[in-house]
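Okay, everyone, let's get going.

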Amino acid sequence: DLFPEGVNLIETLPNGYRLNRYLNVITDLSCFRDYTRLAREESDPDAKVGYLQKAIDLYRGDIYVSGDCGDRIGLALTSKYSRIYQNIIEEFCSIHFRQRHYDVVHRVAAEALCRGHNDPDIYYWVVMSLFALKRNVSAEQHLNIACQSLDDDSSAWLRNRVQMGFKKCI
């Protein structure tokens, strides 16, 4: 009853399925892609972080893919959008750190860690925001915790990046 007779929500194509583009169905995933595209195209840092924040707010973690699609497709989609999310967090934190919004950097990076993104770039922003907020003991503790949870190469990379970032801040 939602669509005119003969119009389907899902179209069958020779190589798969898609939402009927003539129905203009808007999904969280399509909005997420739009916000990331707009952020990439934006040169004004304030407008850029606005788009990035909207994308961050939409991100809920792994994409649900039915078992009918196969594990490879599900893993590929989950991996793709996880990387996009990590890149968004990196750029968002970088801009806010330059603007000296250290509390925002800490909140967003810490939330990303809570979502299970065990990524050295995200740990970097948690640690650097704590140093910038003059919470040096907490920053050192978080750095040690991060290095224990990362592999040796990532741990060494993180320590080096923090050391270089710390020198720039002084």
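**Helix pairs, faces and loops**

H5 passes H6 in a left-handed crossing. Keep in mind that this is a predicted model. The H5 here is residues 120-132 and H6 is residues 136-149, and their axes come within 7 Å, crossing at roughly 165°. That angle is over 145, so H5 counts as roughly antiparallel to H6.

While we're on this pair, look at the loop between H5 and H6, where you'll find lysine 134. Lysine 134 isn't a glycine, yet its phi is positive, near 65°. Is lysine 134 buried or exposed? Exposed, because its relative accessibility is 70% and the cut-off for that is over 50%.

Okay, on to the other pair. H1, residues 28-41, packs with H2 at an angle of about 160°, and the axes are 8 Å apart. So H1 is roughly antiparallel to H2. The crossing of H1 past H2 is left-handed.

Let's stay on H2 for a minute. H2 runs over residues 45-58, which is 14 residues, so at 1.5 Å a residue you'd expect a span of 20 Å; the end C-alpha atoms are 20 Å apart, and that agrees. As a reminder, an α-helix has 3.6 residues a turn, so residues three or four places apart point the same way.

Now H4. Before you get there, there's a loop between H3, residues 71-98, and H4, and arginine 100 sits in it. Here's another non-glycine with a positive phi: arginine 100 is near 65°. Arginine 100 is exposed, since its relative accessible area is 63%.

Buried in H4 are Tyr102, Val104, Val105, His106, Val108, Ala109 and Ala112. After H4 comes glycine 116, with a positive phi near 95°.

Last thing, cysteines. How many disulfides does a search of the whole structure find? The search comes back with 0. For cysteine 93, the nearest cysteine sulfur belongs to cysteine 114 and is 13 Å away, whereas a disulfide needs the sulfurs within 2.5 Å. Cysteine 93 is buried, with a relative accessible area of 0%.

Definitions and conventions. Residues are numbered from 1 along each chain as its sequence is written. This is a predicted model: local features need pLDDT of at least 70, side-chain atom pairs count only at pLDDT 80 or more; totals for chains, interfaces and linings use all residues. Side-chain values use heavy atoms; hydrogens and water are left out. Buried means under 20% relative accessible area, exposed over 50%, partly exposed in between (1.4 Å probe, protein chains only). Helices (H or I, at least four residues) and strands (E, at least two) are DSSP runs, numbered from the N terminus. The expected span of a helix is 1.5 Å times one less than its number of residues. Axes are lines fitted to C-alpha atoms, for helices over the stretch in contact, and angles run from 0 to 180 degrees between N-to-C directions. Angles under 35 degrees count as roughly parallel, over 145 as roughly antiparallel, 65 to 115 as roughly perpendicular and the rest as oblique. A crossing is left-handed if the near helix is turned anticlockwise from the far one by less than a right angle, and right-handed if clockwise.
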